[in-house]
Amino acid sequence: MKRHTNIALFVPHAGCPHQCSFCNQKSISGSVKPLEPEEIDAAVQVALVGNSKGMEIAFFGGSFTAIEYNYMCSLLERAAKYIDNDRITGIRISTRPDAVDDEICKTLKFYGVTAAELGAQSMDDKVLRLNRRGHTSGDVVNASERIKAHGISLGLQMMTGLYGGSDEESVYTAKRLIELEPETVRIYPTIVLESTPLAELYKEGKYKPQSLDEAVSLCAGLIPMFDRAGITVIRLGLHSGGGVEEGYLAGPYHPSFRELCDGEIYYRNILDLIKKNNAPKGRFELYAAPEYISQIKGQKKKNIKRLEDLGYYCTVITRPGMKRYEVRLG
Ligand code: SF4
């Protein structure tokens, strides 16, 4: 999949009639004032200073298609004038599954939206209800079908460790999302932010967040599911900066969450390889793609140390062209 750089613009809480258990848009976006069209000009000008090509203007953070229609169109129109199919190739939006229909898709298409991401979060209706999402798994299916029918690239977002959820529920959600054939997926372990209903449940002892190890272990199982289905996981865990550290109360937040998950996947793949090949203990050479060398070794060489604890002394040799997560014995 072609990688895009995003010119990210946050539309905080604008028009959102909900209060999902985990959401405090103020903490996530670091901003509460409505986005002005002029801010799009400023962000684009900054992005155009570099030589990047293939960038997308991305409206994140709120329920984009649920905001007031004329306001939404004014933002899209301002962004659309920068699409030149070279340096800026399109617009991404993220929104709620119950705020998408044919008319909305036509509007998005008209203004040059190339990708729409839905906050599915879970495909278990009980978990959606407990977390006050205000939509059902059926809404996720309908919205996904509408988006794809209008030729817009579909992205889906899911969360792990939700209130009332479980590892099994996350695996079930991942399977259901794969059936919807999105092009991209984002996975967000649930973080408890101050001033949210989840923070109250946490303080009352009614909600226990995943530990960092639990979230890494679960996500290291989910990523290969999407990978095998040809779906790119473009984001794991909340972005650092933008206020999340300030609003953080509890949960598996780590600024390099993806690195941790990728390291765990590599570790599991190396163990599988050793097992399948009945490799004897001692020194061995391992081939892998050069761009993933730090993930193969793990953070602070965790994987190398864990292998050594099992009696395996690994030298990593890079081989350009090998796939992500692929390992071979020398
Ligand atoms: S997660 Fe989305 S739908 Fe829920 S309260 Fe936040 S902005 Fe609204």
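1. A ground rule before the sheets: two strands pair if DSSP finds at least two bridges between them. Helices (H or I, at least four residues) and strands (E, at least two) are DSSP runs, numbered from the N terminus. With that in hand, E10 and strand E12 (residues 328-329) run antiparallel, joined by two bridges. Leu286 sits opposite Leu329 in E12.

2. Some housekeeping. This is a predicted model, where local features need pLDDT of at least 70 and side-chain atom pairs count only at pLDDT 80 or more, while totals for chains, interfaces and linings use all residues. Residue numbers start from 1 along each chain as its sequence is written.

3. Back to that sheet. Strand E10 (residues 282-288) also pairs with strand E11 (residues 312-318), in the parallel sense and over seven bridges. Here Leu286 faces Val316 in E11.

4. On the overall layout, the domain assignment gives domain 1 (5-254) and domain 2 (262-329); such bounds come from an automatic or database assignment. Taken over C-alpha atoms, the two domain centres are 33 Å apart. Domain 1 puts six residues into the contact and domain 2 puts in four, where contact means C-beta atoms, placed from the backbone, within 7 Å. The domain 1 side splits into four nonpolar, one polar and one charged. For that count, Ala, Val, Leu, Ile, Met, Phe, Trp, Tyr, Cys and Pro are nonpolar, Asp, Glu, Lys and Arg are charged, and the others, Gly among them, are polar.

5. Six of its six residues are buried, so E6 is largely enclosed by the rest of the structure. Buried means 20 or more other C-beta atoms within 10 Å of a residue's own, exposed means 12 or fewer, and partly exposed lies in between, with C-beta atoms placed from the backbone. Both faces are covered, with Thr184, Arg186 and Tyr188 on one side and Val185, Ile187 and Pro189 on the other. In a regular strand the side chains alternate between the two faces of the sheet.

6. What are the partners of E6? E5 pairs with E6 in the parallel sense over six bridges, and Gln157 stands opposite Arg186. The chain gets from E5 to E6 through H7, and this β-α-β crossover is right-handed (with the strands pointing away from the viewer, the path from the first strand over the helix to the second runs clockwise). E8 also pairs with E6 in the parallel sense, over four bridges, with Arg186 opposite Arg235.

7. After H9 comes Gly230, whose phi is positive, near 75°.

8. Which residues does Ser170 touch? Leaving out residues up to four places away in sequence, Ser170 touches Thr160, Gly165, Leu218 and Leu222. Ser170 belongs to helix H7 and is buried, with 27 other C-beta atoms within 10 Å. Ser170 and Leu222 are 52 residues apart along the chain, and their C-alpha atoms are separated by 8.2 Å.

9. Last one: Cys73, in helix H3 (residues 69-80), is partly exposed, with 15 other C-beta atoms within 10 Å.

Key: Contact = placed C-beta atoms within 7 Å.
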